[in-house]
Amino acid sequence: MNSSVNKDLFKPDVYMKCICCGSSFSPDPWRFFCPKCGCLLHPFLTATMNVSWSELRKRRLGVWRYREFLPLSSKLEPVSLGEGGTPLIRLRSTGVGEAYIKFEGANPTGSFKDRGMTIGVTIAKHISVKGVIVASTGNTAASAAAYAARAGLSCVILLPKGRVAIGKLAQAILHGAQIKEVEGSFDNALDEVLNEYVKKGQKELYPLNSYNPWRLEGQKTIAYEIVDELGFVPDVVIVPVGNAGNISAIWKGFYELYESGLANKKPRMIGVQAEGASPLVKTWMKKSKELLVVDNPETIATAIRIGRPVNWMKALKAVNESNGAFISVSDDEILEAMKNLAMLEGIGVEPASAASLAGYKKALGIGLVDKGETVVLIGTGHALKDPDTILRIASWNTK
Ligand code: F0G
């Protein structure tokens, strides 16, 4: 990549740092793995943030309110659909303690993925690629397809055959993505993107899965918005985990707020996985140095039906550094939580998102979280993403 292009793309003080060996590199949109040891990278800015909450609050709530914290040059025109600025809703009936849900279903394509795509597709637009490519359980695909359309780029998506919720598939079709179905799970689709495109060094399609650290920079704004709206840092944040990019991004957001003096503490991060797709729960419980993969992940929460999360090391760091935990919940607990959120609170989320409430209840039960603590649950995606599961719950209600 031409270094003058990178100069126009990134702020002058941005660098990338390996999460394992600590080596630093100049910013490059195509550098996803450490050239020395192969681990993932984090982007950082060297400048100390010189901005106050009152200054930030003069701007529209959303991803781009926090432009000082984002690595892209302030001269770049973002590819945006007004992402972020989602409601933080206090739970009245289902929250046993002081609990809120950050309703990411209110993003333009109905999931938190839009926060990352605004950054990722802005980069893609400025580096002369034909389009973008992602493997997906559905939401990344829907989001990439919409943002690519907005940018005038093509979009190629690889999906696990027969296992993508119909609302997400319909969105990808609506926005004109080229769809390829892959046998097996998301893990097989991601392998295909990595082996057939990324590792071959092709530069026609920009890959936007969550090993792309630039995309995650957009997702870290979930943390900023939570503190911005609450006016303080919650004690605990509970996140449904699949490929483990989001929990890593949110933790990075809280960490940066703390480092910049805009927050006086950091929350404990609790990652929730479905029992049949819980490689990180197993790895964390056994304190394993290797990822304990799940070969045939299975859960009704298809968004997080992942057995080999690419961001597993980043997510372990987030949970360990924050003194948090990983816990698993059953499909029945997920459905019960989804039903409770819908019927008692009026909040419609897809199954993976309901894992956060199911996880909160479990965490309270086993004493991981205290009733007096302020908790924020990340409601990652909208209920309409997965109408088949809604109908299943509806038939359950009439029994
Ligand atoms: N919740 C929803 C609704 C999701 O779509 C995803 C991930 C997650 C939680 C987990 O986030 O992967 O960052 O740990 N969906 C990806 C996709 C895998 O392809 O749409 P994560």
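**Entry 1: the two domains**

I began with the overall layout: the protein splits into domain 1 (88–112 + 215–398) and domain 2 (113–213). A reminder to myself before going on: this is a predicted model.

How far apart do the C-alpha centres of the two domains lie? I read off 23 Å between domain 1 and domain 2. Next I looked at the contacts, and found 36 residues of domain 1 touching 31 residues of domain 2. The two domains bury about 2900 Å² between them, and carbon and sulfur atoms carry 45% of that area. Which residues of domain 1 lose the most area to domain 2? They are Thr109, Arg215 and Lys385, and together they make up 29% of what the domain 1 side buries.

Then I turned to strand E11, residues 268–274. Is this strand mostly covered or mostly open? Mostly covered: I counted 7 of its 7 residues as buried.

Which strands pair with E11? Strand E10 (residues 236–240) runs parallel to E11 and is joined to it by 5 bridges. To find my place in this pairing, I used Pro240, which stands opposite Val272 in E11. Strand E12 (residues 325–329) also pairs with E11 in the parallel sense, over 5 bridges.

**Entry 2: helix H5**

My last stop was helix H5, residues 166–174. Which of its residues are buried? I listed Gly167, Lys168, Gln171 and Ala172. Why do I place these on the same side of H5? Because they cover an arc of only 135° around the axis. The general rule is handy here: an α-helix has 3.6 residues a turn, so residues three or four places apart point the same way.

On the other side of H5, I found Ile173 and Leu174 exposed. I finished just past the end of the helix, at Gly176, which takes a positive phi of about 85°.

Conventions: Residues numbered from 1 in each chain as written. Predicted model: local features only at pLDDT ≥ 70, side-chain atom pairs only at ≥ 80, totals over all residues. Heavy atoms only, no water. Buried < 20%, exposed > 50% of the residue type's maximum accessible area, 1.4 Å probe, protein only. Helix = DSSP H or I, 4+ residues; strand = E, 2+ residues; numbered from the N terminus. Pairing = 2+ DSSP bridges. Arc of directions from axis to C-beta. Domains from an automatic or database assignment. Contact = heavy atoms within 4.5 Å. Buried area = accessible area lost by both parts, 1.4 Å probe.
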